[in-house]
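The sequence and structure come first.

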Amino acid sequence: MATPMLRWCCPGRRWIFAGIGGGSRHGRGVPTGSTSSGKKGQSSVAQQPLITAQKPRKGEREWAAVVGLEIHAQIASNSKLFSGSQVDFAAPPNSLVSFFDASLPGTLPVLNRRCVEAAVMTGLALDCHINRKSLFDRKHYFYADLPAGYQITQQRLPIAVNGSLAYSVCVGKRWSQMVTRTVGVKQIQLEQDSGKSLHDNLRSQTLIDLNRAGVGLLEVVLEPDMSCGEEAAAAVRELQLILQALGTSQANMAEGQLRVDANISVHHPGEPLGVRTEVKNLNSARFLAKAIDYEIQRQISELENGGKILNETRSFDYKLGCTVPMRDKEGKQDYRFMPEPNLPPLLLYDSGSLPTGADPQQVIDIDQLRERLPELPRVTREKLVRQYGMLPEHSFALLNEVGLLEFFQNVIKETRAEPKKVTSWVLNTFLGFLKQQNLAVSESPVTPSALAELLDLLDRKAISSSAAKQVFEELWRSKGKTPAQMVAEKKLELMQDAEALEQLCRSMLEAHPQVVTDVKKGNPRAINKLIGLVRRATLGRADPTVIKEVLERQLSS
Amino acid sequence: MWARAVWLGLRASAGGRRGFPSKAAHQGSRRVTAELIEHLERLALVDFGSQEAVARLEKAIAFADRLRAVDTDGVEPMESVLEDRCLYLRSDNVVEGNCAEELLQNSHRVVEEYFVAPPVCLFGEIYERN
């Protein structure tokens with residue numbers, strides 16, 4: 001029997017993802033269907049879908065994967081959603097906890113205006129319909145870090161519905177082939193975060209810190225319009241940038257401000273959707289795509305081997321690089337949703353419906369918030385492309401690093417060099433150095449002014465581009481000197497004396513008649529030797545392109 | 001527990017059934033199965049304990065089911081007695097917290113400044129959560 005080839009097509013991108021049944025010529029290892037035999041040790045997960053030249057063999061059908069996401073973003077606010085205790089990532093345990101957060105009897109929720117504004121702004125940025133009336137509910141379950149025994153959320157009528165999120169993926173091997181995709185935003189709801197539990201297995205106990213309990217969350221539910229890990233990761237990345245641009249959440253996955261759960265199923269195109277699993281604990285940008293792709297592959301393998309997919313909740317094990325079932329309870333979780341009895345409906349207004357004489361502090365005007373929306377990443381990128389003529393992927397790269405855009409714009413402000421030159425230097429040289437030493441833009445030893453000055457020198461042709469790179473390296477290493485000073489010190493200035501260069505070239509030609517004949521015979525590359533000699537004679541201070549030009553001119557006369 | 005059954009019942013009636021005893025009303029005299037009791041005990045962490053308690057539960061459900069006699073056709077359900085009230089919006093200022101010592105006094109067991117809970121293995125459920 002032939003080894004089963006597991007085929008999964010990421011439709012919009014027309015990739016074939018070859019899963020390996022037993023062996024494949026196509027590159028990296030992919031977890032096989034042998035998860036059923038317990039080989040969890042295989043930690044290699046395919047990095048990217050690979051193109052294969054093979055067509056599906058007879059009898060094998062393609063698979064399509066369906067991925068939906070539930071994203072929880074912590075709202076950037078001073079105090080919590082329903083209480084006045086502080087929101088902070090690092091603080092002594094249980095020091096940011098009010099009586100309400102600890103669920104002491106007699107306490108009541110009081111809604112934070114800032115959290116509502118954050119939800120409305122996010123809804124507007126994602127083109128959602130903002131519900132003028134939304135409701136709060138209780139979702140009941142028992143867990144030690146949920147002191148009340150229920151979470152206040154918006155199950156029946158959330159604050160925003162029916163939006164969309166546009167993101168870009170690359171469809172080619174190179175970063176330059178990007179297409180835009182859209183995923184529907186089903187809804188955005190306000191809800192409480194839970195506290196944190198630390199499992200002390202040694203002493204058989206769980207330690208509870210309620211600092212995070214009650215912090216406001218935005219739950220953004222993305223429709224199952226995505227079909228692979230890369231699309232999901234790109235959508236999450238774009239949402240992250242939007243939230244950061246709006247200031248509604250810092251959306252830092254490493255600090256737990258952005259958490260993602262994925263709903264994943266597979267089916268044959270044209271057939272009904274398959275059973276889905278929920279994968280929780282996807283809290284790292286790096287592993288998001290991997291985990292989703294792993295689960296897709298696992299489901300395909302399972303089904304190809306005649307197994308069934310259980311509608312279960314799984315967790316991603318980062319160390320093993322695979323999803324594992326979270327121990328299943330008997331029967332499905334029943335949250336016993338009920339209206340939150342202590343909170344009236346949340347009413348929002350626009351300029352047309354504002355009640356007259358109302359206290360502005362007590363009333364939220366959607367139109368006002370819409371006017372104050374900051375510029376969205378998509379618009380910023382479009383402007384960069386229009387204004388500076390850069391490629392779309394450059395605009396992505398500039399927005400992809402914290403502080404990089406600002407750095408770029410500061411250099412542009414101070415330099416006379418062409419924007420394309422600036423773009424190239426910032427994205428290649430500057431970013432390269434940052435990445436090499438794992439530094440943030442804010443930690444850069446080179447200031448925008450310094451780079452601007454350097455680019456001015458280059459633009460005036462006062463130095464060659466190789467000299468410029470040298471100076472940049474020096475700037476990176478040592479502080480206190482300006483580019484001009486370094487150039488002077490190291491005598492890197494380009495030779496400005498055209499006459500002297502002409503003479504030097506002429507004498508070089510006279511000294512090497514053999515090379516001259518070679519060139520005249522039709523070997524253009526012979527000239528490189530001469531260029532090298534002239535360069536050395538000028539101590540590297542002449543631009544090779546200029547030398548070549550002079551020599552060629554002299555040769556042809 | 002009966003509150004939920006009532007809520008569901010009301011919603012079902014609003015879906016357009018007439019006021020006279022429907023099929024649903026007959027279920028008021030249905031036995032509450034042992035399976036359901038187990039499920040409810042796990043969900044709500046209550047202890048039904050005795051057969052007497054279960055019988056009392058069944059009577060309570062039957063009592064509440066009499067609400068179905070009310071014709072609620074075309075009537076918008078009232079979900080909260082507060083529906084006409086104004087939802088107060090608080091300014092985003094830090095005014096509470098910093099009372100760890102006080103709060104920890106409520107806890108049976110404390111380790112440094114953490115509340116201590118039994119290991120995460122409540123009623124056979126194990127979750128891995130941050």
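## Positive phi in chain B

E112(B) sits in the loop between strand 2 (110-111) and strand 3 (114-117) of chain B; strands (E, at least two residues) and helices (H or I, at least four) are DSSP runs numbered from the N terminus. Its phi is near 50 degrees, a positive value in a residue other than glycine. N98(B), also not a glycine, has a positive phi of about 60 degrees. N98(B) lies in the loop between strand 1 (89-90) and helix 5 (100-104) of chain B. Most residues other than glycine have a negative phi.

E112(B) counts as exposed because its relative accessibility is 70%; exposed means over 50% relative accessible area, buried under 20%, and partly exposed in between (1.4 Å probe, protein chains only). N98(B) counts as exposed because its relative accessibility is 70%.

## Basis of the model

The model is predicted: local features need pLDDT of at least 70 and side-chain atom pairs pLDDT 80 or more, while totals for chains, interfaces and linings use all residues. Residues are numbered from 1 along each chain as its sequence is written, chains are lettered from A and ligands numbered from 1 in the order written, and side-chain values use heavy atoms, without hydrogens or water.

## Chain A

Chain A has 15 helices and 19 strands. Of its 557 residues, 52% are buried.
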